[in-house]
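Try each task before you read its solution.

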Amino acid sequence: MVTPKALRQPMSLRFGSAAFLAAWCFIAAFPIFWIAVMSFKTPVDAFAANPLDVVFGPETRARGNGLSVIDILAGLAMLFLAARLAMRWLPRMVARYSPPGLSVVGWIIGSLAFGIGFIVVFFVILPPILDVVNGMTGPLGAPVIGLTAEHYEAVWVENDFWRNFVNSLIVTTGVVTVSLTVGTLAGYGLARSGSTLAFWILIVALIFRALPHSVLVAGYLPVFINSAEMLRPILGENAPTLYGQPLAVIAVLVSINQPFTIWMLRSFFQNIPAELDEAARVDGCTHFQAFRWVIMPVMWPGVITTGLFSFLLAYNDFLVTSLLLDAQNQTMVPAIAGYFNRETTTTDQVEAVAAAVSITAPLFLLVMVFQRQIVSGLTAGAVKG
Amino acid sequence: MAEIQLRGVSKRWGNFVGVDNFDLTIADREFLVLLGPSGCGKTTTMRMVAGLEEATEGEIVIGGKVVNDLDPKDRDIAMVFQSYGLYPNMNVYDNIRFPLKVRKVPEGEHDDRVRRASAMVELDEFLHRKPAELSGGQRQRVALARAIVRQPQVFLMDEPLSNLDAKLRVSTRAQIKNLSHELKVTTIYVTHDQIEAMTLADRVVVMSQGVVQQVGTPTDIYDRPANTFVAGFIGSPAMNLMEGTLQGGVFTANNAQIGGLQGSDGPVTLGFRAEDAAVGEGGGEINAKVYTMELLGDATMITVRAGGALVSVKAHKEYRAEIGQEISISVPAQICHLFDSRTGARTGGM
C-alpha cells in the first residue's frame with residue numbers, strides 16, 4: 001500500500017520519532033532487563049562496578065556455570081520454534097480436537113500440554129545433548145556468558161517460595177472470582193436500570209474506591225484479630241481468628257476492588273445495545289437467560305479485561321497482604337520485601353531479585369494468552385451488532 | 001392468530017405523558033400501522049404490547065387474555081427491531097434458530113423450520129455468516145426470519161426499515177408486504193414514514209404527543225383527515241392549510257377567495273391537496289405571485305403565498321412560470337377541507 005502524499009512524513013521526522021521510540025522502549029524496559037540479567041549471576045558479578053561484567057559474568061563463568069555460543073544459538077532456535085508452534089500449530093489442534101462449545105477446555109488442556117512439553121524439552125532433554133555437543137566443538141563450545149540458576153533454586157526450593165506462590169494463587173483466584181461474579185451481575189443491573197437509586201449506588205461505590213487502602217486495613221485489622229472473641233456468641237468455641245487467613249484478605253481486597261470492577265463492567269454493558277436483551281426476552285428468554293445466553297457471550301472481552309485488572313490488584317498488593325497475613329500465609333510480594341528486612345547480604349539481594357523476576361513471568365504469560373481480548377476490551381465498543 | 005385490544009392504555013413517567021388513554025381493537029390478521037413523528041408515543045405503545053414497557057394504566061388483551069402481568073416471552077409475540085437486535089456471536093442460522101432453542105421446540109424440527117424461514121426471506125446462502133458480515137438489508141431479513149420462524153400470534157415491527165438506504169427500503173417494504181400477505185398474522189408496525197404506512201397498512205393510527213389523532217384506512221386518512229395535524233402530516237407534499245375567515249359560504253384570506261363552501265361563519269382553516277388544484281389562465285380562487293417553482297419530473301410544483309402560508313399546486317410537467325410572475329390557481333369548493341381554526345378539528349368539506 002502506498003502512503004498518500006499528504007500523510008507522507010519527511011525523512012528527518014520519521015527518523016526522529018523512531019529514535020525517540022527506541023530510546024523510550026530501552027528506558028522503560030531496562031529495569032526488567034537488568035534484574036533479569038542480575039538474577040542469573042553470582043553476587044560478585046551481579047554487583048560488579050563494570051556493567052559489562054554484570055552482563056558477561058566472568059566470576060560466574062569461572063565457577064563453571066556458563067553458556068557457550070552453541071548453547072545460546074540452540075536455545076534461541078528452540079524458543080523461536082516454540083513460539084512458532086504456539087502460534088500456528090496449537091490453535092489448529094485446539095480447533096480440531098476440542099469438543100464443540102468447549103473450546104475453553106480445549107485451550108486449557110492444549111496450553112498445559114504445550115507448557116509441560118516445552119519445560120521437559122528445554123530443561124531436561126536439551127542440556128545433556130548440548131553438554132555432549134559442547135565437548136566436541138572446542139572453542140565454540142567454551143562458555144562465553146556466565147549464567148547460573150542457583151538463586152532461583154535457593155528461592156523456590158530452599159526458601160519455600162512456592163508456598164508464597166500457592167498463597168498468592170489462592171488470594172488472586174478468590175479475589176478475581178468474587179469480584180467478577182458480583183461485578184458482572186451488579187454491572188449489568190446498574191447498566192440497564194434507569195433509576196436514581198442506581199446512580200447513587202454508583203456514586204457511593206466511587207467514594208469507597210477513593211478511600212485510601214490503609215483506611216480499610218486499619219478498620220479491618222482489630223476486628224480480624226479479635227474475631228474469635230467477637231464471633232463466639234454466634235459460632236461457639238470454633239469461632240475462627242480471621243487474622244492471617246487468606247479468606248479474610250480476599251474479603252478486604254474484594255472490598256477495595258469491587259467498586260472499580262462494577263464501574264468498569266457497567267460501562268462495558270452499556271456499550272451493548274439494550275435491543276439485544278429485549279430481542280432475547282421477546283424470543284423466549286427470562287431476564288437471567290438473556291443475560292447468560294445473549295449478553296455474556298458478547299461480554300467476554302470486557303470480563304477478561306476487568307478480570308486482569310482485579311488480578312493485578314490482588315497479585316501486586318503489598319499493604320493489605322503484608323499487614324493482614326501471618327508468616328505461613330504470606331503472598332509473594334510481601335515475601336520478597338522480607339528479603340530486605342533481615343541482615344541483608346548480597347546473596348539475599350540477588351535472591352530477592354530472582355524472586356522478583358519469577359513473579360513477573362506469570363504476568364507476561366497472562367497478557368500473552370489474553371492479548372486479543374484485552375486489546376478489544378481496552379478499545380471497547382467492539383460489540384456492535 | 002389473535003385479536004389485540006388496548007383498553008384505556010396510558011404510559012406516564014412522572015409528570016410526562018408518553019401515551020394517553022389509548023383505546024383500540026386490532027382485528028385478527030390485521031396489519032396495523034402506528035404512524036407519527038418521533039416522540040409521539042407510537043414506539044412506547046408497541047413496547048407495552050410487547051411487554052418491554054409496563055403500562056401505567058389500562059389493559060392489554062391478546063387473544064382474549066389480559067397480558068399486562070406477563071413477561072414478553074409468555075405473550076407469544078415476535079418483534080423486529082430498528083437496529084436489528086441480532087446476536088453478534090451467533091451466525092445467521094443460530095440467530096434464526098435461537099427462539100426455537102430457548103422455547104424448547106423439539107430439536108428435530110429446528111433445521112426444517114430455520115430453512116423454511118430463511119428461504120422466505122431469501123437468506124439461504126448466508127446461513128453460516130455472522131451478522132457483522134452482512135449488509136443492512138440482509139441483517140434486517142435475518143431479524144424478519146427470526147420473527148417468523150416461531151409462527152407467533154403477533155408480529156411487532158419497530159421501524160424496521162429506517163436504518164436502510166432508500167432503494168433497499170422500497171424492496172424490503174415490498175417483501176414485508178408480501179410476507180404479511182402470506183403469513184396472515186396480526187401485525188403492529190411502527191413507522192414515521194407515511195409512505196410505508198400508506199403502502200403496508202390495512203389500518204393506520206396517526207399519533208401525536210401520545211394522543212391518537214385518527215384511526216382509519218390509508219384512503220380515509222388521506223382523503224378525510226380528522227384534523228389539521230393529520231392533514232399536515234400525511235401526503236407528500238402535505239395538505240395546504242390556509243388561515244382565513246368564512247362568511248356566508250365564502251372563504252377569504254390574503255390572496256385567496258373561495259366560494260360555495262358550507263359551514264358556520266367565523267375564522268377557519270381551509271385545506272386542499274396540491275394535486276387536486278390546478279393552475280389556470282385567470283379567474284381562479286387564488287391569485288398570487290410565484291414564490292418558487294420546482295421540477296419534479298412527472299409534474300411541476302408551483303408555490304405561492306396565500307392565507308399566511310406557502311401553498312403548493314401541482315401543474316402538468318411541461319408547465320413553466322417565472323418566479324414573481326402573477327398566476328391564478330383554481331381551487332373549487334369540492335376539493336376543500338374545513339377545520340376549526342382553534343382546535344384544528346375537521347368541520348366539513350368534500
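**Exercise 1.** Which residues of chain A does the UniProt annotation "transmembrane region" cover?

This is a predicted model: local features need pLDDT of at least 70, side-chain atom pairs count only at pLDDT 80 or more, and totals for chains, interfaces and linings use all residues. Residues are numbered from 1 along each chain as its sequence is written, while chains are lettered from A and ligands numbered from 1 in the order in which they are written.

Step 1. Read the record. The unreviewed UniProt entry lists 12–37, 66–83, 104–126, 165–190, 197–225, 245–269, 290–315 and 352–370 of chain A. Its positions are given in the numbering used here, feature names are shortened, and annotations may be inferred rather than shown by experiment.

Step 2. Check two spans. Residues 12–37 of chain A are 100% helix and 0% strand, with end C-alpha atoms 35 Å apart. Residues 245–269 of chain A are 96% helix and 0% strand, and their end C-alpha atoms lie 34 Å apart. Helices (H or I, at least four residues) and strands (E, at least two) are DSSP runs, numbered from the N terminus.

**Exercise 2.** Find the strand order of the open sheet in chain B.

Step 1. The four strands run β2-β1-β4-β5 in chain B, with antiparallel pairing. Two strands pair if DSSP finds at least two bridges between them.

Step 2. Find the edges. They are β2 (16–26) and β5 (65–66) of chain B, each pairing on one side only.

Step 3. Look at one pair. Strand β1 (residues 4–13) of chain B joins β2(B) over seven bridges, in the antiparallel sense. Leu6(B) stands opposite Leu24(B) in β2(B).
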